[in-house]
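Me: I'd like to learn how to read aromatic pairs and helix packing in a model. Can you walk me through it?

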Amino acid sequence: KGDEKSQLQKQLAQRQNEREQLMATLKEEYPSFYHQRFERLFPNAALLRKSLPSDAAILTFTWQDTVIYGLVLTDNKERLRRIIVPDSLTSIIKNYRFLITDKSARDAIWGSIQSQEFVQQARYLYKLLIEPFEDLFPGRVLLIPDGVLAYLPFDCLLTRDPKQGEAWSSL
């Protein structure tokens, strides 16, 4: 059995060498085909970081059942953070979208139940999804959401509580 295993390992190594030689030949003799067929179409994190201006960051989310992973890329660093997802997050996002898109909710005056609910959810979502990464942002941020987060209007999240008398619909 040991000889058979050794023989298989040698054959595998030989096949891997043959493949590498074939790939090198394809790359040299057919560079356009090689590029289209075998090279990565999307840049890796290091290439993305190099292409970012110093005042910009990318925040991308990946939703995995009960956890959201957020990855921040800047021109000189990358950080991954884990966010525990509350069971109610999907319904909170749906309700939040309703508060923004429903005319009667949008037209509600300050202090109404709708405006209080909007502020509460806008602050909660900001604190859950953006605030954990704030210290990593040098300025502008490109958001790449995943799953139901793609339906979340991040521009409408509130970074602070509104002041008394401030028009909530203009926040």
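**Reading rings and helices**

Reply: Let's start with Phe61, which is buried at a relative accessible area of 2% (buried means under 20%, exposed over 50%, partly exposed in between, with a 1.4 Å probe and protein chains only). This is a predicted model, where local features need pLDDT of at least 70, side-chain atom pairs count only at pLDDT 80 or more, and totals for chains, interfaces and linings use all residues. Residues are numbered from 1 along each chain as its sequence is written, and side-chain values use heavy atoms, leaving out hydrogens and water.

Me: How are the rings of Phe61 and Phe133 arranged, and why?

Reply: A pair of aromatic rings is described by the distance of the centres and the angle of the planes. Rings of Phe, Tyr and Trp (its six-membered ring) pair if their centres lie within 6.5 Å; planes under 30 degrees apart are stacked, over 60 edge-to-face, the rest tilted. Here the centres of Phe61 and Phe133 are 6.2 Å apart with planes at 80°, so this pair is edge-to-face. Phe133 is buried too, at 0% relative accessibility. Ring pairs also link Phe61, Phe133 and Phe154 into a cluster.

Me: What about Tyr96 and Phe118: how far apart are the ring centres?

Reply: Their centres are 5.5 Å apart and the planes sit at 10°, so that pair is stacked. Tyr96 is in helix H4 (residues 89–101) and Phe118 in helix H6, 22 residues apart.

Me: And at what angle do H1 and H2 pack?

Reply: Two packed helices are described by the angle between their axes and the distance between the axes. Helix H1 (residues 2–29) and helix H2 (residues 31–38) pack at about 120°, with axes 5 Å apart.

Conventions
Axes fitted to C-alpha atoms, helices over the stretch in contact; angles between N-to-C directions. Helix = DSSP H or I, 4+ residues; strand = E, 2+ residues; numbered from the N terminus.
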